[in-house]
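Colleague: I would like to go through this model feature by feature. Please give the general idea each time, and then the case at hand.

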Amino acid sequence: MKKLYIWSVIAVFAALAFSCSAALQRRYDQRHGISSSSSSTDRSSREPDNGRSSETSNATYRKDYDRVADSGNNAGNLTSPASGSADYNQRLLNQYADMDKLAEVVLYELDNLENRYNNLLTEYKNAKSSSRQVMAMELDKISDDRLALYKAYTNIYRNGKSDWANVKRDVDNTLREYRKKN
């Protein structure tokens, strides 16, 4: 059971890492005037510029020189694209680190809850019928808490990228409510 849980957590993290890198690549392409209609965001899968193919000569995958020319007319406002996006990228990396830290806290609470659930379920199997009613109610509460924590965990990675302040507040509130009950 624990191996399956660990593998599922690893799969979630792998999917999130791929999702985050794809989002960063899209953001980079948007900032630098590159539009891509292909689903692949991996740079290694793209052909180099010197090997012009029908895909790279297509108007849908080409640098937007009109936008570059318009921004180039403002000679007083010349900044390199890397200097403008370095701060943004650093903030994004810090945000992802915060997201991971909060997700680790939720996973820790979920692990503790899972252990309590398994222990209580073992006791339930060996208990007399008179105490099973109370244990069943406790198992239901634990299941509800588990569901709330799973929702909080998925909320971190589903909505945290675009609205981190609100998601962090919601997850912190969920954790606080859970800890008050226990």
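Colleague: What should the 18 residues of helix α6 (residues 164-181) span at 1.5 Å a residue, and how far apart are its end C-alpha atoms?

Modeller: The expected span is 1.5 Å times one less than the number of residues. For α6 that should be 26 Å, and the end C-alpha atoms are 26 Å apart, which agrees. Helices are DSSP runs (H or I, at least four residues), numbered from the N terminus. This is a predicted model, in which local features need pLDDT of at least 70 and side-chain atom pairs count only at pLDDT 80 or more, while totals for chains, interfaces and linings use all residues. Residues are numbered from 1 along each chain as its sequence is written, and side-chain values use heavy atoms, with hydrogens and water left out.

Colleague: Which residues of the largest nonpolar core touch the most other members?

Modeller: In soluble globular proteins, nonpolar side chains tend to be buried together. A nonpolar core here is a set of buried Ala, Val, Leu, Ile, Met, Phe, Trp, Tyr and Cys residues joined through side-chain atoms within 4.5 Å. The largest one has 26 residues, and Val106, Leu149, Ile156 and Val171 touch the most other members. Helices α4, α5 (129-159) and α6 each supply at least two residues, with the largest share, 12 residues, coming from α4. Leaving out residues up to four places away in sequence, Val171 touches Leu102, Val106, Ala152 and Ile156 (contact means heavy atoms within 4.5 Å).

Colleague: Where is confidence lowest in the protein chain, and where is it highest?

Modeller: Where pLDDT is low, the predicted coordinates should not be read in detail. The pLDDT is the predictor's confidence in each residue, from 0 to 100. Helix α2 (residues 54-57) is lowest, at a mean of 45, and α6 is highest, at 94. Over residues 37-59 the pLDDT is below 50, and this stretch has 16 contacts beyond near neighbours in sequence.

Conventions:
Buried < 20%, exposed > 50% of the residue type's maximum accessible area, 1.4 Å probe, protein only.
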